[in-house]
Amino acid sequence: MDAKYFDEWYAGIGASAADERFFTEALGVPVEVGPQNLVPLAGLRQIAAALAAEPGGLLVDIACGRGGPGMWLARELDLELLGVDFSAEAVRQATKRRSRFGLTERATFAVGTFDSTGLAAGAADAVVCIDAFQFSSDRVKAAEEMRRLLRPGGRVVLTGWEPKQPGDDELPERMRDLDFGAALDAAGFTDVVRTLKPEWDEVEHALWTQAAALDPGDDPALVSTKEEAEQALPLFDRRHRVMATAVAP
Ligand SMILES: C[S@@+](CC[C@H](N)C(=O)[O-])C[C@H]1O[C@@H](n2cnc3c(N)ncnc32)[C@H](O)[C@@H]1O
């Protein structure tokens with residue numbers, strides 16, 4: 001899935017108020033968040049607590065998408081925000097959506113990749129990557145870039161899914177070998193903690209069940225959501241939801 005794929009995906013989502021409403025309501029998040037992730041509101045609160053950033057610091061959101069979850073965190077914790085995504089369309093929409101959060105002066109979005117964010121070393125007080133780490137082709141390199149961005153003592157929080165059976169070839173290739181703790185360890189982080197999130201799984205299962213029953217009409221974003229649900233549900237019990245945190249030395 002390259003940047004062009006995501007550009008088209010975001011163009012479809014950007015044009016669908018119904019798709020945005022579906023995810024927002026199913027996850028229970030405020031309407032301005034417009035998430036492209038599967039983290040319920042309680043999960044966003046857990047991420048905010050785990051980032052443990054002081055007001056006024058800089059949060060970097062890697063693979064930020066349309067920016068809503070990162071802006072929710074920045075607003076909640078009173079932080080500056082820098083978001084990076086390889087989809088220029090996501091960055092364009094994120095920039096436009098800053099006013100929804102009153103963060104026009106305090107949030108910036110730019111095109112960049114996991115391995116090459118283009119941001120200054122040691123500038124970040126906290127780094128977050130929500131439901132996107134599976135798309136990095138080299139997990140250790142991606143984690144090393146996060147470590148490079150953080151000042152000593154700064155925290156990273158990753159969310160996503162890991163296979164229950166490592167290497168499970170029923171799962172999409174990007175998820176088969178995911179091991180958040182191993183990537184963070186190999187990148188030299190300390191205090192690596194990996195937590196299973198069964199309560200997020202429950203919300204996600206309900207969301208996909210509802211999505212599979214949708215009548216998407218001719219809305220391409222809803223069609224794509226329904227297709228994703230039909231792929232996700234049969235594999236649901238083969239992976240679990242994970243949040244990983246670590247500290248830059
Ligand atoms: C499931 S979305 C999550 C977006 C956002 N974090 C959120 O929570 O709404 C995954 C994101 O990863 C981005 N992405 C995928 N591969 C990437 C790469 N190699 N470098 C940067 N971003 C990437 C996509 O463009 C997409 O925005």
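Colleague: Does E162 count as buried or exposed, and at what relative accessibility?

Modeller: This is a predicted model, in which local features need pLDDT of at least 70 and side-chain atom pairs count only at pLDDT 80 or more, while totals for chains, interfaces and linings use all residues. Residues are numbered from 1 along each chain as its sequence is written, and side-chain values use heavy atoms, with hydrogens and water left out. Buried means under 20% relative accessible area, exposed over 50%, and partly exposed in between (1.4 Å probe, protein chains only). E162 counts as buried because its relative accessibility is 5%.

Colleague: With which residue does E162 form a salt bridge?

Modeller: A salt bridge is a side-chain nitrogen of Lys or Arg within 4 Å of a carboxyl oxygen of Asp or Glu, and for E162 and R194 the closest N and O atoms are 2.6 Å apart. The pair links distant parts of the chain, 32 residues apart, with E162 in strand β5 and R194 in strand β6; helices (H or I, at least four residues) and strands (E, at least two) are DSSP runs, numbered from the N terminus. R194 counts as partly exposed because its relative accessibility is 37%. The salt-bridge partner of E162 is R194.

Colleague: In β7, which residue is the bridge partner of E162?

Modeller: Two strands pair if DSSP finds at least two bridges between them, and strand β5 (residues 150-163) is joined to β7 by nine, the two running antiparallel. In this pairing, the residue of β7 that partners E162 is H240.

Colleague: How many bridges pair strand β6 with β7?

Modeller: In β7, V247 is the bridge partner of T190. The pairing of β6 (residues 190-196) with β7 is in the antiparallel sense, and its number of bridges is five.

Colleague: How many residues of strand β7 are buried?

Modeller: In a regular strand the side chains alternate between the two faces of the sheet. Both faces of β7 are covered, with R239, R241, M243, T245 and V247 buried on one side and H240, V242, A244 and A246 buried on the other. Strand β7 (residues 239-247) is therefore largely enclosed by the rest of the structure, its buried residues numbering nine of the nine.

Colleague: With which residue does R241 form a salt bridge?

Modeller: In the salt bridge between R241 and E204, the closest N and O atoms are 3.7 Å apart. This pair links distant parts of the chain, 37 residues apart, with R241 in strand β7 and E204 in helix α9 (residues 198-212). R241 counts as buried at 0% relative accessibility and E204 at 1%, and salt bridges that share partners join D131, D201, E204, R239 and R241 into one network. The partner of R241 in the salt bridge asked about is E204.

Colleague: How far apart are the closest N and O atoms in the salt bridge of R66 with E20?

Modeller: R66 counts as buried at 4% relative accessibility, and E20 counts as buried at 15%. Their salt bridge is one of 16 in the structure, and the pair links distant parts of the chain, R66 lying in the loop between β1 (58-62) and α4 (68-77) and E20 in helix α2 (residues 17-27), 46 residues apart. The closest N and O atoms of this salt bridge are separated by 2.7 Å.

Colleague: How far apart in space are R97 and R239, C-alpha to C-alpha?

Modeller: R97 is found in helix α5 and is buried, with a relative accessible area of 6%. Leaving aside neighbours within four places in sequence, R97 is in contact (heavy atoms within 4.5 Å) with residues including E20 and R66. R97 and R239 are 142 residues apart in sequence, and their C-alpha to C-alpha distance in space is 33 Å.

Colleague: Which residues touch the most other members of the largest nonpolar core?

Modeller: A nonpolar core is a set of buried Ala, Val, Leu, Ile, Met, Phe, Trp, Tyr and Cys residues joined through side-chain atoms within 4.5 Å. Setting aside neighbours within four places in sequence, the contacts of I47 include V157, W200 and M243. Among the 72 residues of the largest core, those touching the most other members are I47 and F133.
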